[in-house]
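Welcome! Take a moment with the sequence and the 3D view below, and then we will walk through them together.

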Amino acid sequence: MSDPLIRLENTGVYYRGGWTLGARPPETPWALRGLNLEIQKGEKLGIVGRNGCGKSTLLRLLAGIITPDEGSIRYSQSGLHVQLLALGVGFEGNLTGAENAILSGLFMGKSRRHMESRLREIQEFSELADAFYHPVNTYSSGMNARLGFSIALQTDPDVFLIDEILGVGDHGFLNKSREAIQKKFKSDTTVILISHEAKTISSICSRAVWMNKGNILAQGDPVDVCKTYESQGSPSRR
Amino acid sequence: MNNVLRYKDIIYYRTLAGLKSEARKNYLGYLWFIFEPLLSTGVLYFAMSHLTGNRGADAILTILVGMITWQWFEGSIMLSSLSLTTKFHIHMQVPLPKYLFPLVDIGTHTVRFACAFLLVLSVCLCLAHGPTIALLWLPVLLILQLAMIIGFSLIISISVTLMPDLKVLMQSIFRLLFFVSGIFFTAEKVPAHLLPYFHANPITIFIESFRGVILEGKAPNVSLLAYNAVITVVLFVVGGCIQSYFDKRLLKLTNV
């Protein structure tokens with residue numbers, strides 16, 4: 001097997017919840033501890049687990065938003081573009097949809113030129129028509145979500161991190177956005193999906209990881225892992 | 001290099017958004033960029049001219065130059081102290097250097113200052129003795145003050161995010177500085193034995209230098225400017241260390 005795209009070795013993260021000097025206070029819980037995980041290029045990794053098991057912390061760590069407090073995280077190449085699918089990051093109400101598309105793309109690691117070349121696609125996918133050139137604070141929440149989703153779709157990261165968002169908008173757009181996400185799952189892009197829904201993970205991922213209390217309980221074939229999770233870990237079965 | 005260009009564009013778009021939103025907050029929009037310093041100058045002139053006996057156009061221009069210099073400094077730093085807390089949701093979603101956000105607020109405030117400054121400069125040059133060679137010092141003064149503002153904000157933006165109590169302390173310090181920085185009086189009014197303390201305050205040095213250059217056609221005191229330059233370098237070094245240490249740790253320390 002080739003070198004992994006991202007490798008986490010014995011990784012630990014904790015939140016202090018305030019600024020205190022010195023070492024880690026003993027009562028501070030670890031959000032992640034002793035985590036070992038390898039992510040291969042092009043794989044579709046699903047992560048299941050209950051609330052507070054460290055899934056979101058893991059995504060933040062992978063996206064480079066935070067650093068580990070112990071252990072390490074290694075990327076196979078410098079400048080690897082790992083991005084969280086976030087809708088409407090940093091939208092400014094007074095800027096137009098087009099300006100926000102550029103700004104939001106810049107936040108997500110793309111250049112102004114790249115975003116300018118994708119404006120037409122974003123306008124078409126979001127179905128905003130002329131409203132694309134009006135200030136975003138005149139939009140409905142549905143229009144906002146459509147624009148946010150269309151922008152995120154055009155950022156083409158090397159690794160896409162998705163936290164439960166599998167579709168937005170009204171019925172028509174929901175189907176369209178779901179299809180677009182499914183397409184990502186069929187492409188070469190590496191995708192990491194977090195979900196409470198074991199069914200979703202087992203149907204679209206190529207590998208699954210079950211997390212509990214900041215560590216990995218099981219990993220491997222998504223159907224097997226999800227079955228174990230549902231029988232032992234899912235709150236609905238408790 | 002790509003990142004530098006990207007950060008430059010982020011600062012550009014966010015500054016643009018900041019200016020648009022400031023303008024839309026009030027009926028008079030961008031006119032407030034000029035009205036605000038004029039109004040504060042009017043208030044100070046009204047209050048102070050009776051006490052000091054200094055009246056007329058010269059007294060007004062002296063206060064006006066002091067006031068815009070002060071407001072640029074105070075406004076930028078106070079605004080940048082909250083830059084990170086108000087945009088915390090963005091930091092939770094994308095890995096961006098934390099210093100970008102104070103820079104945006106400084107950018108917005110600097111455009112405000114630039115509008116007022118250009119107007120005041122033209123009025124002063126008409127009423128005082130026209131353009132002189134000393135005006136060549138203006139770019140040096142402007143760049144140095146901007147650099148000092150950035151230096152302070154690198155430190156303050158992180159500190160206030162970690163310790164919100166500092167905001168109250170800062171308000172008190174700025175209130176004190178407002179009264180002692182020579183906004184509505186000049187160095188001649190300061191007793192000789194207090195002058196070294198008066199000039200230990202970097203804002204005083206900027207205000208005096210701007211007044212000298214714009215109103216009197218006089219070159220600034222180079223050793224005092226060098227003192228400000230040294231402070232700026234120290235602020236950049238300390239600020240740079242703080243920013244790089246806390247950049248990826250901030251989110252684990254607080255969730256404002």
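A residue is called buried if 20 or more other C-beta atoms lie within 10 Å of its own, exposed if 12 or fewer do, and partly exposed in between, with C-beta atoms placed from the backbone. Helices (H or I, at least four residues) and strands (E, at least two) are DSSP runs, numbered from the N terminus.

## Before we start

This is a predicted model, in which local features need pLDDT of at least 70 and side-chain atom pairs count only at pLDDT 80 or more, while totals for chains, interfaces and linings use all residues. Residues are numbered from 1 along each chain as its sequence is written, and chains are lettered from A and ligands numbered from 1 in the order in which they are written.

## Chain A as a whole

Chain A contains 8 helices and 9 strands. Its radius of gyration is 19 Å, close to the 18 Å from the globule rule for 238 residues, so chain A is as compact as a globular protein of that length. Here the radius of gyration is taken over C-alpha atoms, and the globule rule is 2.2 Å times the number of residues to the power 0.38. The C-alpha trace of chain A spans about 55 × 45 × 40 Å along its principal axes.

Of the 238 residues in chain A, 42% are buried. Two residues are in contact if their C-beta atoms, placed from the backbone, lie within 7 Å. Among contacts in chain A with a separation of 6 or more, 66% are between residues 24 or more positions apart.

## The sheet of three strands

Strands of a sheet pair through backbone hydrogen bonds, either parallel or antiparallel. In this report, two strands pair if DSSP finds at least two bridges between them. Chain A has an open sheet of 3 strands in the order 2-1-4, with antiparallel pairing. Strand 2 (30–39) and strand 4 (70–75) of chain A are at the edges with a single partner strand each, so one side of each has no neighbour in the sheet. On average, neighbouring strands of this sheet are turned by 20° against each other, direction ignored.

Strand 1 (residues 6–14) of chain A pairs with strand 4 of chain A over 5 bridges. In this pairing, G12(A) has E70(A) as its bridge partner, and R7(A) stands opposite R74(A). Strand 1 of chain A also pairs with strand 2 of chain A, over 6 bridges, and there T11(A) faces L35(A).

## The sheet of six strands

Chain A also has an open sheet of 6 strands, in the order 5-6-7-3-8-9, with mixed pairing. Its edge strands are strand 5 (82–84) and strand 9 (215–220) of chain A, which pair on one side only. Strand 3 (residues 44–48) and strand 7 (residues 190–194) of chain A run parallel and are joined by 4 bridges. In this pair, K44(A) stands opposite V191(A).

Helix 1 of chain A lies across several of these strands, including strand 3 and strand 7 of chain A, and runs at about 155° to strand 6 (159–163) of chain A. For such angles, axes are lines fitted to C-alpha atoms, for helices over the stretch in contact, and angles run from 0 to 180 degrees between N-to-C directions.

How many residues of helix 2 of chain A are buried? In helix 2 (residues 97–107) of chain A, 9 of the 11 residues are buried, so the helix is largely enclosed by the rest of the structure. Among the buried residues are N100(A), L103(A) and F107(A). G109(A) follows helix 2 of chain A and has a positive phi, near 100°.

A nonpolar core is a set of buried Ala, Val, Leu, Ile, Met, Phe, Trp, Tyr and Cys residues joined through C-beta atoms within 7 Å. The largest one has 116 residues, and those with the most contacts inside it are I47(A), L62(A), L161(A), I192(A) and I68(B). Helix 7 (residues 138–162) of chain B gives the most to this core, 11 residues. Leaving aside residues up to four places away in sequence, L62(A) touches I6(A), V82(A), L161(A) and I192(A).

## Where the chains meet

The contact between the chains takes 25 residues from chain A and 24 residues from chain B. On the side of chain B that touches chain A, helix 1 (2–25) of chain B and helix 12 (250–253) of chain B are the elements that give two or more residues. Helix 1 of chain B provides the largest share of that side, 11 residues.
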